[in-house]
Amino acid sequence: MQENRLPARSHFFSFFQDPNKFVYTPWDAQNYLNLNGVWQFQLSSSPFTGATRFYENDALTADWGTIQVPGNWSLNGYGVPNYVNMRADFAPDENPLTVNKIPRDTNTTGRYKRVFEVSEEWNGKTVIAYLGAVKSAFKLWVNGQYVGYSQDSKTAAEFDITEFIVPGKQNTMAIEVYRWSDGSYLELQDMWRLNGIERDVYLYATPQTRIQDIRLTTTTTTDYQNGLFGAEVSIVGNQASNSMVDFTVYDESGDLVLRDNQPISSQENRSVAIVQPTVVKGVQFWSHESPALYSVRLRLLNKAKEVTQVVWLRAGFRTSELKGGNVLINGKPVLFKGVNRHEHDPLTGHVISEASMRKDLTLMKSLNINAVRNSHYPNHPLWYALADEYGMYLVDEANIESHGVGAANQGHSYIAENHMVNMPEWRDAYVDRIRNMYEASKNHASVVMLSPGNESGDGDNTEYLYHWLKERTSLPIMFEQAQLRPHTDVYAQMYASLDLMQSFVEIGSDRPMILCEYQHAMGNSVGNLKEYWDLIYKHESLQGGFIWDWVDQTITTTTNEGIEYQGYGGDFEKAGQYHDGNFSANGLLTANRELHPHAYEVQHIYQNIFAEWDSSRADRVLIRNGRYFTGLDDVYLRWERLEQGQVLQSGIVETLSIPPGESATIAIPNISQMKNENRYHTNLYFVKKSDSLGRKKGDVVAKIQLSQPFQNNEKGAVKSNGGIEERSAALILRFKDYEYTVSKNTGWLSSVQKKGKEVLKTPMIPWFWRAPTDNDFGEGFPQKSKVWIDVAEHAELISIIKKEENGAISVVTKHRFPTVQSEYHTTYTLTDEGNILIDAWFLAAPNQYYPALPRIGYRLELVDTYESASWFGRGPHENYWDRKSSAFFGRYSMPIAELSHGYVRPQENGHRADVYEVSFFEKSNAETPSITFKGRPLIGFNAQYTDWLDYDTTEKTGLHPHEIPVKPNAFINIDFKQRGVAGTDSWMTPPLFKYTLPWRDYHYQFEIALN
């Protein structure tokens, strides 16, 4: 596990000269030397090939290359990235996997070397080398002398190199990094298997007697009225007993809150200075809503009372505990509106910048996310400091995952005695990793729960980790692998169904259910999120969950022609190398941090302000503050009254003084005269008054749409103006300059014209197929439903007749669909306005049973003059039957090219559900008429310049958006319904049944109008 590595410690920087404030990075301080940058580098096929004695000062390295530190080998020109979900990439695919075997001759090894100069002022000081994260294990030499070894690739390794360094002279550091080690059996996370030095490398100097570690107590009193401050500082060095520590606490304004001096005493063979927990009155508590931080300065003083070392920390007074069956934050059972986050960048892989972290937190706050699970390893130290600042709850997770060896509770078994989780000889390795995690982040207010790992299997060793943590902290432990066994404080089932959650509620428990992973956001996903949160809001024992996951884990690459795209598994690997395809592309955002459409649904469902009509007054809205700690004084209300999707009235309510958890009514003027045939909606927007917590002034933090009662004036029987012309090959419905042609050969609407200008490139035909989503593939739906791909292509026309009765002129067709042994009946009726009403019946064969339908409606191609769409319905962003809460009814316009969304693997996209009408417009210089489709009452639509049949159908083929041909003409789908996109998982579960189209009869209507 390690050799000569210093004990794990909390995150902090120490200084000779007081910086007078907390700092994120110490590079300007005289006692720090940043070694990030360009290093000499050689990649060898194994530790036994290449320059094996490279660490000697006189070793020849002139023919080496260079590499950026931090940096992953395969993203800097050395090897190829490999994406693997579960398997051990270093071992054969065998069950059971034999542990303790690491390839000898193919264990790729990276050798680093750098020359640097240390200030002469460091003479007589202790000099420590810090390596923030190295994958998977490494050895360190300084000036040709061996220093030590470490593994656990996601926590820092520190070494005392005082005896090896020469201040005032040039020195050489050499590092040998191994692709795999026995620690790799504990690092089988679902992510790109990248290697190299992934975080900062630096040296720092301290006094010979120095602060080794700091443990703060910054909680609340048991009645949650005041703060408690305590501290324990560990000191190492020969003169520790003659020293003392000065403690000072300042509030955010810089005012003094507390000051104490404590001598250093010996306790259990160690030197410590202790401030016993002290009540601090009047403090502001830290929470996700109000992350009040206090600055803590610690000064180490020698016998002469001279300051020899200074440390600044930031602390928040916060309690996180399991109590009364819930996880309480400052006494409140907050709901964790969370997301899982891997450290991933599309250009630098696992090397993450401060700018990227800040962007992530800002975006999370904008999406109403309040919690992050550090999946599945401790993160960069800066992440915790920023989470403290922004107000983000963290579940810190140890770097332990053994999925390829065996994970518990996943529908497949493993042999317990063959798993390291039950091997006594592996216990120290487990403890090493839990210690590295816990000690590093123990002072951060943002860390409110701890996890012993992910998909690690469960056994004696993980049970031991629970008790190890409980001896040191009162923080709740969330460990999915333990299920409801005693060694977890939370039932953290991943990808739980709604039925399982309801069952948990019914059976009862002394612990809450918090989903460590749910809503697998792979491709076009995150359906039925509303149903999850309807259930969570209903039951106190359900406390939220963490969506999988934050961003697509894809890597930016280019084609030979220079086209940039996002690569996934299979795009980089060598021929025959195992990979897991696009299973890494399951983010709410793209890897470039652009929002996928389902992110808007998360933003809406996760919001913390709620509203409904006041049942007692038609002009009043009841607003509920769903926050736990803060009022709504930071926002104002902007409201709009809409008629037929257009803003009719608007106004602002400047002051919303609603305390946390309480409600108030707000008056909104009534519309004076509402027309029965029109639809009315009221939009409420809650807007930030000023910048704070990653939110900008003017940002909408919550939005709600309320509908008004709608009285549908039923239209009478259709009356036709115009006439019908019969030709040898067609029946033509004609009104003035409008012509609608139904082919006698096919029975489909084959031509739509105005003044002789054709609108259709192809006939309008029934359509049942969609390009499968990733969730469809996971369920096996494409294979099950492939009969629907080309149903209309095989249609047989049974009859076509013209019909004139009761003042209506119609063409009536009957088709047989032999591939599904069913019939399709259509009536095309000319209206008195010159529109055409389509009345369609799908009649499922009563003596047969076929798979559920992907969609039901029509498809057509417009001639190539159309470029924009305008609609009245849900929007503006893509939405689906089971993912539409965030898409408000309104009138929207958009170029057809912008209606689509480019998921990493091309699939169904760009749909708009619940649309009253949609129009398509030609280019400004074209003479073709616009065409409108009107629902009776609702339709859904897609419009794009690509053909669904160019997408994957029944098998994934590794496609990317740039590989789908772009056509000059628009492809239009007018749907009665399309099945939901689902989201419970991406490997088994279909959409909720209510969002599917089972084998049955269907009847629907819509109109076509030319303008």
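**Charged pairs in the predicted model**

I begin with glutamate 640, which is buried at 15% relative accessibility, where buried means under 20% relative accessible area, exposed over 50%, and partly exposed in between (1.4 Å probe, protein chains only). Arginine 638 is partly exposed, at 28%. The two side chains meet in a salt bridge, 3.5 Å from N to O; the term denotes a side-chain nitrogen of Lys or Arg within 4 Å of a carboxyl oxygen of Asp or Glu.

A word on the basis: this is a predicted model, in which local features need pLDDT of at least 70 and side-chain atom pairs count only at pLDDT 80 or more, while totals for chains, interfaces and linings use all residues. Residues are numbered from 1 along each chain as its sequence is written, and side-chain values use heavy atoms, with hydrogens and water left out.

How many salt bridges does the rule give? The count comes to 60.

One of them joins arginine 193 to aspartate 89, with the closest N and O atoms 3.1 Å apart. Arginine 193 sits in the loop between β15 (191-192) and β16 (196-197), and aspartate 89 in the loop between β7 (83-84) and β8 (109-117), so the pair ties together parts 104 residues apart in sequence. Strands here are DSSP runs (E, at least two residues), numbered from the N terminus. Arginine 193 is buried at 5%, whereas aspartate 89 is partly exposed at 23%.

Finally, a network of salt bridges links Asp18, Asp246, Arg259, Arg297 and Arg299.

Terms used:
Helices (H or I, at least four residues) and strands (E, at least two) are DSSP runs, numbered from the N terminus.
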